[in-house]
2 protein chains.
Amino acid sequence: MEEIKRVEPRTLSGFMELLPQDQIKFNEMLQTIRKTYELYGFLPQETPIIEASEVLLAKAGGETEKQIYSFKKGDKDLSLRFDLTVPLAKYVAEYYNDLTFPYRRYQIGKVFRGERAQKGRYREFYQCDIDIIGDGKLSIINDAEIPSIIYTTFKNLGFSNFVIKINNRKILNGLFDELDIAEKMTDILIIIDKLEKIGMEAVKEELSKLGLDNDKIEKIEEFLNISGTTDEKIVKLNELNFNSEIFKKGLEELTEVIKYVRLFKVDEENFVIDLTIARGLDYYTGTVYETNLKGYESIGSVCSGGRYENLAGYYTKKDLPGVGISIGLTRLFYNLKELGLLATKQKSISKIDIITMGVGVENAVEISNVLRDNNIPNEIYKEDSKTKAKFSYANNLEIPYVIVIGEEELQTKKYTLKNMVTGEQEMLTINDIISRIK
Amino acid sequence: MEEIKRVEPRTLSGFMELLPQDQIKFNEMLQTIRKTYELYGFLPQETPIIEASEVLLAKAGGETEKQIYSFKKGDKDLSLRFDLTVPLAKYVAEYYNDLTFPYRRYQIGKVFRGERAQKGRYREFYQCDIDIIGDGKLSIINDAEIPSIIYTTFKNLGFSNFVIKINNRKILNGLFDELDIAEKMTDILIIIDKLEKIGMEAVKEELSKLGLDNDKIEKIEEFLNISGTTDEKIVKLNELNFNSEIFKKGLEELTEVIKYVRLFKVDEENFVIDLTIARGLDYYTGTVYETNLKGYESIGSVCSGGRYENLAGYYTKKDLPGVGISIGLTRLFYNLKELGLLATKQKSISKIDIITMGVGVENAVEISNVLRDNNIPNEIYKEDSKTKAKFSYANNLEIPYVIVIGEEELQTKKYTLKNMVTGEQEMLTINDIISRIK
């Protein structure tokens with residue numbers, strides 16, 4: 001090859017790229033999430049990564065808009081999707097007549113945000129979303145199915161020590177309604193959202209600075225201090241005896257959600273009512289969820305979402321209430337790896353590596369075919385290398401079994417099966433090998 | 001909601017977006033390809049969609065470069081990947097020390113090309129690639145494994161009537177070497193590549209215009225006219241008695257590939273030697289492949305690739321020969337749909353829809369749980385609707401079974417299982433339902 005100018009091969013910071021053993025694990029998690037979502041009957045959806053800026057940014061603004069990758073191609077203003085919710089809204093409005101409601105869909109795909117680079121923050125990352133969209137109305141029971149999906153998903157991912165926090169925005173809104181401070185709701189919610197980080201005294205101070213009198217701050221504190229079991233919390237919320245209709249509605253919804261969450265057999269260990277969580281301030285209107293890994297709260301919520309009144313108001317007049325959640329898998333994977341919680345067990349896809357010794361590679365092909373016909377992932381080592389190199393390949397990739405084919409094997413039609421973990425060797429027929437592996 | 005300016009929800013032309021039943025089929029095909037690649041032990045790979053322009057465009061130029069989506073974010077020049085080969089080259093050069101060679105990987109993902117919009121051409125589309133990369137050398141037997149993978153993949157996708165065309169670039173190069181017209185090789189290959197479209201006479205005319213004398217044109221015609229069975233073609237190639245070393249090497253490689261393709265049990269119906277295919281002129285150096293669906297040659301090759309001498313010369317001094325193929329799934333899917341060849345059978349993921357009649361939805365939850373525990377995708381119809389609407393939902397989504405729960409069912413613990421295709425109804429225990437569905 002003529003002399004060429006070489007470029008340093010590199011991957012941009014903020015973009016995840018994995019070595020094979022981690023990629024196998026990542027894909028396994030992705031597949032587990034997909035399979036779990038499908039167990040609940042959700043339909044697959046896939047929207048383009050590139051959309052017209054006008055469509056994608058119909059609602060956006062502020063911080064999000066600054067992070068979006070936008071560019072021109074020809075005379076078109078294009079943007080990369082920054083979440084899977086806006087594309088869902090577009091999709092439902094666009095294909096409304098072709099869809100059956102409630103429309104239950106999942107989408108698993110990459111989204112893009114040009115955030116400031118920092119540890120564990122990615123600019124290209126997977127979201128794994130499910131949403132249930134009603135046509136005009138949507139039963140509150142759907143809000144209880146969501147924690148069941150979170151529960152089953154995280155169980156299937158191998159977690160047991162996690163907690164799904166459930167709240168209802170109408171309860172928070174009802175509190176402000178009751179105290180007649182609804183106009184300050186957004187500011188107050190921002191302050192309450194910081195409770196875990198800054199503590200009650202600091203929250204009260206900030207509320208005071210906002211101009212709230214002591215009576216009202218005390219009421220808020222009393223509300224935020226509600227504790228105990230799930231049932232005790234519901235009793236205490238009832239005992240507040242608020243007159244606000246919106247509060248009553250929220251409490252009724254929360255009570256119904258908790259009843260159904262139990263019917264869905266979500267373990268009491270794995271869910272709580274948390275009256276402080278609010279989520280996206282201008283979006284969610286009812287039930288909201290966050291999920292924490294116990295002992296690792298610092299990594300934040302690993303699965304969040306909630307109920308919204310109207311999915312697609314920027315695209316259609318249709319009234320489309322919905323409820324959904326999202327798992328940020330790229331970030332979760334990063335955190336699990338950092339915390340040493342990734343049980344990476346598999347460095348190869350092949351279960352068997354077939355090696356020839358002193359005979360031609362052609363003698364390996366038939367066996368490889370038969371294994372494949374029996375659904376056993378396998379490969380042939382085909383290079384003209386020394387025996388040591390052949391075994392090194394299988395060793396490095398931790399392929400669990402090696403079949404050795406030599407003169408003796410060809411004559412006896414019994415092949416050496418070596419267990420690469422224990423070192424054990426046996427001479428077996430191909431049929432015996434198949435039943436052994438299966 | 002306050003009055004808002006609405007945006008017409010739309011999807012850009014050149015971007016595929018499917019309704020659920022097509023998406024189910026698309027995902028099924030994607031999954032079949034993934035599973036087949038894994039049966040051969042290929043490792044998963046996933047590179048970012050966004051790369052530094054400098055890295056991605058190290059080699060690019062001409063037509064491809066014009067199509068690339070490039071943009072600035074901050075002070076960074078970024079580009080969207082336009083194939084999966086350049087990212088593979090970057091990856092292997094970047095992680096060379098962490099990989100085990102031969103490195104066998106697959107990548108399935110979207111790539112982006114701002115092509116002129118036309119029917120069946122997509123700007124965002126899936127490629128499903130496999131490649132085997134050697135460190136310094138790579139056995140020719142790998143070139144024979146590739147048609148086996150193509151064969152198994154298309155068989156698994158449900159095709160039987162397809163043909164894998166196999167050639168070797170060294171045979172073509174050897175012909176030019178033999179005729180001492182190597183300096184005109186590129187021009188001649190471009191002309192030969194048009195043979196199927198324009199016919200032999202037009203090809204000869206163009207060769208003459210290029211300044212080739214009649215003797216040489218006759219030799220080329222003789223070469224291109226080689227026909228018969230695979231074995232007859234190999235005999236005729238040998239009978240040309242060319243002295244060119246490169247020709248001899250090519251013929252030797254092709255002969256070996258054919259021998260192994262047969263060992264891999266690729267049906268004689270499904271492969272041919274086609275001496276006219278050349279593929280990417282400045283890239284492939286040995287075996288090349290194209291795949292056609294018989295009777296639908298107009299849609300072009302549905303799976304192509306070949307052997308290249310050096311994968312990553314723009315990133316590393318290391319000598320990294322490889323062989324690989326790519327399936328352009330988005331385009332294939334479009335064509336199959338247009339041709340009416342898509343057997344779309346499934347409009348739902350759920351196998352069972354659970355409906356309550358005259359009793360509360362809470363009575364459906366336990367059954368849904370049990371079905372899910374038995375790995376049967378199902379859902380509960382939760383909305384407060386009339387019976388007709390409940391059945392319409394299952395009908396529209398063609399969910400194959402409905403379980404009906406009413407007063408009688410609750411008392412007898414036997415539930416009505418309705419087969420939505422045949423209309424048959426039975427009263428069964430939950431265990432009987434599970435065995436019936438499985």
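Guide: Let's start with pairing: two strands pair if DSSP finds at least two bridges between them. Strands (E, at least two residues) and helices (H or I, at least four) are DSSP runs, numbered from the N terminus. In this predicted model, I354(B) has I380(B) in β13(B) as its bridge partner.

Visitor: How many bridges join strand β12 of chain B to β13(B)?

Guide: Three, and the two strands run parallel. They belong to an open sheet of five strands in chain B, ordered β13-β12-β14-β15-β16, with mixed pairing.

Visitor: Which strands stand at the edges of that sheet?

Guide: β13 (378–380) and β16 (425–428) of chain B; each has a single partner strand, so one side of each is left without a neighbour in the sheet. On average, neighbouring strands are turned by 25 degrees against each other, direction ignored. For such angles, axes are lines fitted to C-alpha atoms, for helices over the stretch in contact, and angles run from 0 to 180 degrees between N-to-C directions.

Visitor: Which helix packs on this sheet?

Guide: Contact first: two residues are in contact if their C-beta atoms, placed from the backbone, lie within 7 Å. Helix α17 (residues 430–437) of chain B touches β12, β14, β15 and β16 of chain B, and its direction makes about 20 degrees with that of β15(B).

Visitor: What about the sheet with β2, β4 and β3 of chain B?

Guide: That one is open too, in the order β2-β4-β3, with antiparallel pairing. Its edge strands are β2 (50–52) and β3 (70–73) of chain B. Three bridges join β2(B) to β4(B), and A52(B) stands opposite L78(B).

Visitor: How do I read a hairpin, say the one of β3(A) and β4(A)?

Guide: Look at the pairing, then the turn. β3(A) and β4(A) pair in the antiparallel sense over four bridges, with F71(A) partnered by L78(A). Two residues lie between the strands, and G74(A) takes a positive phi near 65 degrees.

Visitor: How many residues of chain B are in contact with chain A?

Guide: 77 residues of chain B are in contact with 77 of chain A. Helix α1 (residues 20–39) of chain B gives the most to chain B's side, with six residues.

Visitor: What should I know about the numbering and the cut-offs?

Guide: Residues are numbered from 1 along each chain as its sequence is written, while chains are lettered from A and ligands numbered from 1 in the order in which they are written. Local features need pLDDT of at least 70, side-chain atom pairs count only at pLDDT 80 or more, and totals for chains, interfaces and linings use all residues. That pLDDT is the predictor's confidence in each residue, from 0 to 100; chain A averages 94.
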